[in-house]
Amino acid sequence: MKFKLMRSSTLFSRSSQYLLAVGFISLATAILFPLRQALDTAVVALLYLIPLGLITAYFGLGPGITSALATFFTFNYFFIQPYYRLAVHRPTDVVILVIFLIVAIVISQLVGRMQAGLSAATAREQEATQLYELSTALAGLHEGQTIVEILAKQVQEVSNGEAVELSIIGAQSFVFQLPDSKQPNRPPEWVFPIQVARGALGEIRLWRAKPALTSSEKRLLQTFASQGALALERARLAQAESRARVLEESDQLKSAILSSVSHELRTPLSTIKAAASSLRSNDVNWDSAARPELIAAIDDEADHLNMLVGNLLDMSRIESGVLKPKLEWNILPEIVGSVLARMKHLAGEHRIEVDVPESLPLVPVDYVQMEQVFTNLLSNSIKYAPEKTLIRVRAFVEDDSIHVIVSNRGPQVPQELLEKIFDKFFRLTASDRVTGTGLGLSICKGIIEAHNGRLWAENVEDGIAFNFTFPLIWEGVSPPELPMDTENK
């Protein structure tokens, strides 16, 4: 029904143009008829050319030629003697009529061609605009589903069809339809392949029975299909490049892990093996003074080995996104105290000064993970700070957060590298001078960010300081009051 109405409307429009053209000639004749005694026939012929040019300019070549023929007979009938007859007695009148007919047809042809050229230029401009809009909409897209949706909407807008369906084949095949309702029960009238050099990616199916697509519309839709094919190919190449980059980074990470782990694990394993072999042999008596030293070496290196493996596991959990802190209300001084008690023998000759007041409010943290943060930061300070220097731990309330500062008198870090020290395996010094896997600070950053906090480093006057903050408010609840200590007497 819709197409029948469109076709009848088009036919009525064309017929009305011819009727209007004849009407304009009739109006011009009615205006010129009272002046035929005062005007020469050549002047009347020239005046007739004005409505002829206007008719051709506005209605096209067909109405223009029709008007030229109608004017020829009208001019002969009303303005050439004998009047009201299609007869010519004077040779000059015959010449005037012939010249008038030729000039009228030529003018109609010229104006018609001009209009056709203008229409063609307008159509090309419209095509260029539509292609530009499609190219702009597809630029930078890397999702096949999004590209297909935009392409289908553009095809539907240009074609005004009943329905559009885009089917994509390959590893990620899918079908997109417009409108979303059920498609027509008949086969599509038009099919445009979406194809690149290496093969077909899919096709565009268009349901539009009438009016049939013009050559320019078919050319435009084929261009749309080519643009869509290029966009889909670009998206697939971008995804392949991304996968290749991820694999390359994964290989680099594996190489870095193997390089670091093979070096760091070999040292404690060698120490444990040597100490155990000495104890097992008969060279060391059970009452020997060396026996406690060997046992202590095994214990220390086992702790070191456990920490290395723990760092690797923690890093894998952080990168996989499964590190979810189990928040509970905890006492921060207790966390710091337990870490210091466990690391007392590792501190060597460093002096550790703690300024974590007992009056601090309860903090919503994961006890084990926060212990790991303090352990890694203190371990880093012990490694890089010179012997017999001060390592300081401070904590205080700042607005609705806890601010913790772990500072040491180690070498300062260039300003442009303050952010990079939290990257995996990044080191300022050679790996053979400082032990460790280079994951400690990365793990600290991952844990603090999982607590909705922030960790950063800054150079201070006598060394470097690590700062981190995390909120005191947990699910909109402020820290509860600490219970009062009571003594029973």
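**Before starting.** I am working with a predicted model, where local features need pLDDT of at least 70, side-chain atom pairs count only at pLDDT 80 or more, and totals for chains, interfaces and linings use all residues. Residues are numbered from 1 along each chain as its sequence is written, and side-chain values use heavy atoms, with hydrogens and water left out.

**Entry 1: Thr66.** I found Thr66 in helix α3, residues 61–79. Helices (H or I, at least four residues) and strands (E, at least two) are DSSP runs, numbered from the N terminus. For my notes, buried means under 20% relative accessible area, exposed means over 50%, and partly exposed is in between (1.4 Å probe, protein chains only). I also checked Thr56: Thr66 is 10 residues from Thr56 in sequence, and their C-alpha atoms are 9.6 Å apart in space.

**Entry 2: Gln154.** Next I went to helix α5 (residues 144–159), where Gln154 has its place. With a relative accessible area of 12%, Gln154 is buried. Which residues does Gln154 touch, not counting residues up to four places away in sequence? I noted Leu134 and Phe224; contact here means heavy atoms within 4.5 Å.

**Entry 3: aromatic pairs.** A pair of aromatic rings is described by the distance of the centres and the angle of the planes. Rings of Phe, Tyr and Trp (its six-membered ring) pair if their centres lie within 6.5 Å; planes under 30 degrees apart count as stacked, over 60 as edge-to-face and the rest as tilted. By this rule I have 5 aromatic pairs.

One of them joins Trp329 and Trp474: the centres are 5.5 Å apart and the planes are at 65°, so I call the pair edge-to-face. Trp329 is in strand β5 (residues 328–330) and Trp474 in the segment after β11 (463–471), so this pair ties together parts that are 145 residues apart in sequence. Trp329 is partly exposed at 26% relative accessibility, and Trp474 is partly exposed at 23%.

Then I looked at Phe374 and Phe468, an edge-to-face pair with 5.7 Å centre to centre and 70° between the planes. Phe374 sits in helix α9 (residues 367–384) and Phe468 in strand β11, so the pair ties together parts 94 residues apart in sequence. I noted that Phe374 and Phe468 are both buried. Ring pairs also link Phe374, Phe468 and Phe470 into a cluster.
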